[in-house]
Every structure is written in structure tokens, then in C-alpha cells.
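Welcome! Here is a short briefing to read alongside the sequence and the 3D view. Take it one topic at a time and find each residue as you go.

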Amino acid sequence: MSEKKMIDVYIFGKKYTVPSSLTIMDSMEYAGYQLTKGCGCRSGFCGACSTIYRVKGDKELKIALACQTKVEDGMYFTQLPFFPGEKPLYNINEFEPAMDTMAKFYPEIYKCIGCNSCTNGCPQDLNVMQYIAHAQRGEFEKCAHESFDCVSCGICASRCPAGITHYNAALLARRLTGKYIVPETEHLKNKVQEIAAGEHDQSIEEIMGKNIEELKELYNTRDITK
Amino acid sequence: MYTAEMRELSKKVEETRSQRIGINFPRMSPEDKIGVLNENHPDYSDKGFMYLKHGVNKGARVPNELGELLEAKSKLVNLEINLDKIDYDVDVLVIGGGGAGAAAALEANEKGAKVLITTKLRFGDANTMMAEGGIQAADKPDDSPAKHYLDVMGGGHYTNVPELASTLVKDAPSAIKWLNDLGVMFDKEKDGTMITNHGGGTSRKRMHSAADYSGAEIMRVMRDEVRNKEIEVLEFSPVIELLLDTDGKAAGAVICDLETKRNFVVRAKTVIMATGGAGRLHYQGFPTSNHYGATADGLVMGYRVGAELAFADTIQYHPTGVAYPSQIFGALVTEKVRSLGATPLNIHGEQFVYHLETRDVEASAIIRECNVKGNGIPTPTGGYGVWLDTPLIEMIHGEGTIEKKLPAMLRMYLKFDLDMRKKPILVYPTLHYQNGGLLIDKNGQTKIENLYVAGECAGGIHGTNRLMGNSLLDIIVFGRRAGIHAGENFKDIKIKDLTFDHVRKYHEDLENNEVESSQFSPMILPIYTHGREK
Ligand SMILES: Cc1cc2nc3c(=O)[nH]c(=O)nc-3n(C[C@H](O)[C@H](O)[C@H](O)COP(=O)(O)OP(=O)(O)OC[C@H]3O[C@@H](n4cnc5c(N)ncnc54)[C@H](O)[C@@H]3O)c2cc1C
Ligand code: SF4
Ligand code: SF4
Ligand code: FES
């Protein structure tokens, strides 16, 4: 079974022989590291595990999430510490989205030279350059959707010649979209008001007053919508 | 890629599909549910559990792995720490940078408290970040908090603390509104109506989501807000012990820098424990969906100061963890996959359980199919799984549904060359959630004065079984409540001298009860070798 095959990888320059079935992250542990950095969810959600690698014979440096990438024979890798990124402070309640919002907080996005390095590096296959282009044009909602699956790993920012912190700019676009651009939810507003006005107190108290047998009966016969 | 053998077996799924589509498999009767749980659920047999020999819950049943940590010694046992040298002096110390911690910190800060968040990994590298499916709240016109309450109680086998369950459901709509107002992008119709779905055990469609990045979206927005408010965050700085003052009230903690191993003393007027779950203890050898730092530290440290544990012996095994490929073994296959219509099938391509039973029942049925009935599909690593017929989703809701509604799932499998739109996936239960924890009241307070608990390390809200979507809800509801209460309370608090006499007493207690252990706890991080020593 190919799962058992052993291969050589180079962790921080040193050679280790590890099973080929492991992820980059697992291979470090197999080698004997106990990870204290560069490891969080182990499932591709938190972006903690950005790793730079190169495979012997290939000149290109690649970046990947260590928990989502299998080791390859002759792989040289090293973990990337979280990439320092610009994060201006703002109070989301104090401004509405306007054409100049991005220019105010992230003026550097207008220095993009269209090199596409950000997109090429993104482990989530996002069109990063495109979402920055949307941000430049004040198209916050488009930027929000295009960037939605971002795990804030910082790989894009580590490669950008213009010094852009893509994931933070996109986060601002998403927050503006969620708060201001998408219509308000009527039924939510209503329910919050009803509860605050005490309209649901009685029905809750009533059901809280039931003993377990009565609750069971109610539960087992409750109507369930399709 | 599937092995040739698996590819062959998956053909059975395709063969039976036309007979299954559009036909609902019957739900189990209440008696059948009890039967399958008793026979198969890991919590329902005594194997894997021990009884505590000391402390507030002496005599209580806990999983072996947790019990060993509760009966281990403090990491401070041989340390001389000068408690007069205070490194951080704050009003509210929040331990843990997940959703509950962030919500608590924001509210406490809003009340004017000086807040410090300290966290084991990076801020936000937490179970919250990984939640995919969604968050419940009864805010639709055909729904109500009372209906939500009944579902919560039924799901929890009527063991939930009623006051906590009712607080959860009553605060739910305002929790969603709070998040929405912070800018969380919930899935909505064009007119602003929330798109809501069913989860296992819900009587109304009340699961709100943000694609299958629900937790990530909530977490990154709250994290951004904590940064905007300039709340101080210490990353890679786990707490290793709580501190009390000479009156026995919570008054701070000792933290340890993961890199330098230096210890620091925090003095705080109130302490909010929000350290999350325990999946990385791998109870009974199960794989887990949890993040790397989910090692029950909060339970251990809380127990050491005398806070009471509730339902610590009930664990949630999510019915659908990844059984194959091995690189992501145990990772979560969100319940949303089943909400959208994917059904579990055995080796013969037959459905054997309704796809949206409560999680404990669904997981037990899968374990029975594999381990008792011998109808599981073997995986190359020697385990078993059952099919989850994901292509059904596209047949029911149209092509493109998976890409739109389950982008994270699709991406995770594609990285290992499996296309869940075209082929079914293999699943087996995974250790997912700690149903119990440190007992709280409706403001998150424990019996130890000035010690609050919020989120997954709190106990009582969900009784012995939590429904999908009620955990993201509870971290917001009780995180906020703890933050507000602590943020109002600290003003009247005068701290006496700091001590760790309670640690000494704890060690004495262990000795008096003849507990011997060479271990130290909390665990902080698990050690993995991936079979190196074999
Ligand atoms: C894969 C997955 C999917 C899920 N899906 C859903 C879902 O769809 N809906 C739902 O409602 N629930 C879901 N859940 C459950 C839910 O996400 C969690 O229960 C919830 O987010 C827990 O939040 P928390 O803030 O209590 O803990 P966490 O978010 O786990 O945060 C705990 C924090 O405490 C820190 N910490 C731990 N120990 C220490 C220490 N000693 N010192 C300092 N800091 C410490 C950690 O580093 C972390 O920052 C899911 C869980 C998982 C794992
Ligand atoms: S957009 Fe940037 S930060 Fe986000 S996932 Fe892609 S590379 Fe990582
Ligand atoms: S890397 Fe920077 S400069 Fe290059 S395309 Fe992306 S945003 Fe523009
Ligand atoms: S550890 Fe979270 S993305 Fe890899």
C-alpha cells in the first residue's frame, strides 16, 4: 500500500525520513517537533500554518497551508511566522461605506501593480488581485463575496510588492457589507423587540413549569416543519 | 483519490440512488433511540470512565483522560513564584481567545473595564474559527423562543438547567442582531430575510449561517473589533494556574510564555474562563475535529480552585468526521451536508438511519453499522466508515449547490483529489464537543466568587447533549453576559493578597484520598508522533 512509503524531507534544512502519507504539519511531529507556533485548527480554517517550500530540482518557492498539504519527496520547507500586516483602527459605527472609505484606511491598495503574486500564492484559490480591484473601486459587496473564504493566513501580504494587507482590507469590506449594504432583517428586529417587551415571557415560563413527563410528551409530539 | 477497492464499493451507492431519491427514511421511535444509544454510544458504557477520588465532585464519573488530568499535580508545584511582583494588573482577565472570550472582552471593555485577553495559540485559533454549520436563533415569524427551548431540552434529554436553557433561547435573537450589527455577513435573501436551515433535532429552520465559514466569519469580525478597541491580547501565553486572594475569591492567574517558558503573574478583579473544549484529549482513542489547543485546561484549573463540574461525563461525538483520506482523519464534515440532503449508507448502498436524527443517535447508528453489524466500508488505515451520499445534494437542489453552500468542505476534499459533488464521501464519528463543563448561573458565574466561565468550558446549558448551532449561540449569549456582569462588578471589588494556597490544599486533598500521580496539568498541548515509535 502506497500509504506506508517513506520519503525524505528537509525541515529547516535538516533531513528527516517520514511516511509519504503525512501532511507537512504531521511530518514535523513525526520528526519529533512539538509545535508551539504555526499550528491551530489543523483543518484549513485558521491560517496559522503558512509554510514555504521548494521541491528538489524545482526552483520555484511555493507557499501552502501545512495542515492541508501532503509531503513530497525532496521537499524543503520552513514555517512562516505570521506575517505582520497593517491594521488601522476604526469604529464601524462611525462611518457608512463611501467611495473614499478604502482610500482613508488602506491607501496603499491604489499602488497595486497588477503582478498577481497575491492570487498565485493564495491557498484558498481566491482571486485576491480581483478583490483588491473591487475594493479600489468602492465595490465593497463584490470584494466581500470574492474574499469570503479568506483564512487570513497572510501569504498574499507576504508577497505583495505594494505592501498591501489584503486580508485586512477585505475584512473591512465584508464588515461594511454585513452591517450597511445588505438590507436590514425585519423579522430579526421584530423578534428582538417582542422579547424585550416581554411578549414571550409567559410562553417560556409556561413551558419551564412543565415536569419532565409533560415535556417529553410535548417534545415527542411537536410539529416539525419540512 | 479512492483506492480501487473503494471505487468498486462506491458503485453500490450509485446503483441504489434512484430507489432512494425523494424517499424519506423513517425516523427512529423514542424506544429505538434509547436502544441504539445504550448499545453503541461511548458515553453509555462504563468502559473509558473513572470516578473522581477527590475534590468538589468526588465520586463523579469522568472520562479517564480527563480524570487523569484532574488528579495530576499543578505545574507550579516546584516553582517559587513571587506573587508580590505583579506583571499585569487588570479589572477583567479573559482566559482564551475564542468566540466566548472575545465576546466577553468586548462587553467588559464596553462597560469601562481594563481587559486583558490571554490565549494559548494565536488569537482566534480556536474551535470557534472552525464552526461551519451555523448558529441557532428563533427569529423567524413561525418560530419562538419557547419552541427553541423545547428542542434544546429534548435534545439534552431534559437534563439541562432550565434557567440556562431559557436564557440561551431568549437572548438568541439579540445575539444574532449584535453580530449582524458588528458586520457579520449572514446568508440572507435579497430583501434581508435570513436564510435558515434545519439542524439535527430542530423543529423549525432556525440555523443561521455564513456559507460554511460561519464560525470563521463570526470570529474574524469579533477579533477585528477587539483590535479596534485596543484591548490587550497576549498570544502564545496559556494560563497554567488560577490565583485566589486570601478570601478565597478569584483574583488572577499565572501565565506561561510558550516560547521562553517564563511565568508571569496577572492580578485581576474578575476572571472569565473561556478556554473551550477537550477534543485533543482523544477520549477512548477517538479522532477529533477540535483545534490543537482543546485540552480541557479550563476544567482542570477551575476544578483546582473548587468550581463544580457538571455533566463532565457527556461528550458529543459528531456523527460525520472524515474517515478517509487519512491526512484529514477526524476533521469535521459539517452537519449542513446532511441538512442539505446527503444521507448515510452502508457497504451495500443501503440507508440505515434517518439522516437528521440528533447527533448522539446518528453517531450511535453509524457505530452500530460498522462495529456491530459489520456493514462498514474498510479504509486503508484499518478503520471503517460509512458513505455519505453527497452527490444527492446536487440532485435535490441543483448543480452548483455544493460549491455555493459548502465551499470549505468541497475545497478540503479537492485538496486530496476527491470531488464530493461526484462521489460520496466516507465518514465515521469524531470527538467533537464537551457537553458539560464548569457549572454556571445565567450570568456565567461559578460558586467561586469573581470567577466566570463562558463557552464550551461551561456546563449546564446543553445538559447531556447539545444540538448543532447552539454552541456558537451560547458563546455569544453567555460570553456577553459574563463580560457585562464582570464589567459592572469589578468596580466594587477590592483584592486581598494573592495566594496559591488552594493549590497546596489540592495536593493535600490528593494525598489524603490516596491519589498518586506523576503527571502535571493542565496539559496545554498534546504530543503527536504519528506512529513514529512503532
Ligand atoms: C470543527 C467544528 C465545527 C463546529 N461547528 C459548529 C456549528 O456549526 N455550530 C455551533 O453552534 N457550534 C459548532 N462547533 C462548536 C463551537 O464552535 C465551539 O463549541 C465554540 O466555538 C467554542 O467556543 P469557545 O470560545 O468556548 O472556545 P474556543 O473557540 O475553542 O476558544 C478557546 C480559546 O481558549 C484558548 N485556551 C485554551 N486553553 C488555554 C489556556 N490554558 N490559557 C489560555 N488560553 C487557553 C484557546 O487557545 C482558544 O483561544 C464546532 C466545533 C468544531 C470543532
Ligand atoms: S486572501 Fe491572502 S490571507 Fe486570505 S487566504 Fe488567500 S493568501 Fe491567505
Ligand atoms: S501582490 Fe500586491 S501588487 Fe501584486 S497584484 Fe496582488 S495586490 Fe497587486
Ligand atoms: S492549522 Fe489552521 S489552517 Fe492549518
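Arg411(B) is buried, with 15% relative accessible area, in this predicted model. The side chain of Arg411(B) meets that of Asp149(A) in a salt bridge, 3.2 Å from N to O. Asp149(A) is buried as well, at 11% relative accessibility.

**A salt bridge between the chains**

- Where do the two partners sit? Arg411(B) belongs to helix H14 (residues 407–414) of chain B, while Asp149(A) is in the loop between helix H5 (140–146) and H6 of chain A, so this pair crosses between chains.
- Arg411(B) counts as buried because its relative accessible area of 15% is under the 20% cut-off.
- The 11% of Asp149(A) is under 20% too, so Asp149(A) gets the label buried.

**Salt bridges within one chain**

- In chain A, Lys216(A) pairs with Glu213(A), and their closest N and O atoms are 4.0 Å apart.
- Both Lys216(A) and Glu213(A) lie in helix H10 (residues 212–220) of chain A, three residues apart, which is about one turn of the helix.
- Lys216(A) has a relative accessible area of 33% and is partly exposed.
- In chain B, the side chains of Arg338(B) and Glu362(B) form a salt bridge of 3.8 Å, N to O.
- Arg338(B) is in helix H10 (residues 336–339) of chain B and Glu362(B) is in helix H11 (residues 359–372) of chain B, so their pairing ties together parts that are 24 residues apart in sequence.
- Arg338(B) is buried at 1% relative accessibility, and Glu362(B) is buried with a relative accessible area of 1%.

**Salt bridges across the whole model**

- How many salt bridges are there over all chains? The count comes to 48.
- Some residues join in a network of salt bridges: Lys87(A), Arg175(A), Asp224(B), Glu225(B) and Lys229(B) are linked this way.

**Around ligand 2**

- Which residues come nearest to ligand 2? Of the 13 residues around ligand 2, they are Cys122(A), Cys150(A), Cys153(A), Gly154(A) and Cys156(A).
- Helix H4 (128–136) and helix H6 (155–159) of chain A are the elements that give two or more residues to this shell.
- The shell around ligand 2 has ten nonpolar residues, three polar residues and no charged residues.
- The space that ligand 2 takes is the second largest cavity.

**Around ligand 3**

- The residues around ligand 3 include Cys112(A), Cys115(A), Cys118(A) and Cys160(A).
- Others in this shell, among them Ile113(A), Met129(A), Pro161(A) and His166(A), are also from chain A.
- By class, the shell around ligand 3 has eight nonpolar, four polar and no charged residues.

- An unreviewed UniProt entry places the annotation "domain: FAD-dependent oxidoreductase 2 FAD-binding" on residues 91–472 of chain B.
- Over residues 91–472, chain B is 29% helix and 21% strand, and the end C-alpha atoms are 26 Å apart.
- Pro378(B) is in strand S16 (residues 377–378) of chain B and counts as partly exposed, at 28% relative accessibility.
- The C-alpha atoms of Pro378(B) and Ile135(B) are separated by 34 Å, and the two residues are 243 residues apart along the chain.

Conventions. Residues are numbered from 1 along each chain as its sequence is written. Chains are lettered from A and ligands numbered from 1 in the order in which they are written. This is a predicted model: local features need pLDDT of at least 70, side-chain atom pairs count only at pLDDT 80 or more; totals for chains, interfaces and linings use all residues. Side-chain values use heavy atoms; hydrogens and water are left out. UniProt positions are given in the numbering used here, feature names are shortened, and annotations may be inferred rather than shown by experiment. Helices (H or I, at least four residues) and strands (E, at least two) are DSSP runs, numbered from the N terminus. A residue is near a molecule or strand if one of its heavy atoms lies within 4 Å of it. On a 1 Å grid over the protein atoms alone, a cavity is a set of points where a 1.4 Å probe fits but cannot get out, and a pocket is an open set with protein on both sides within 12 Å along at least five of seven lines; lining residues have an atom within 4 Å of a point. A molecule sits in a cavity or pocket if more than half of its atoms lie within 2 Å of its grid points. Ala, Val, Leu, Ile, Met, Phe, Trp, Tyr, Cys and Pro count as nonpolar, Asp, Glu, Lys and Arg as charged, and the others, Gly among them, as polar. Buried means under 20% relative accessible area, exposed over 50%, partly exposed in between (1.4 Å probe, protein chains only).
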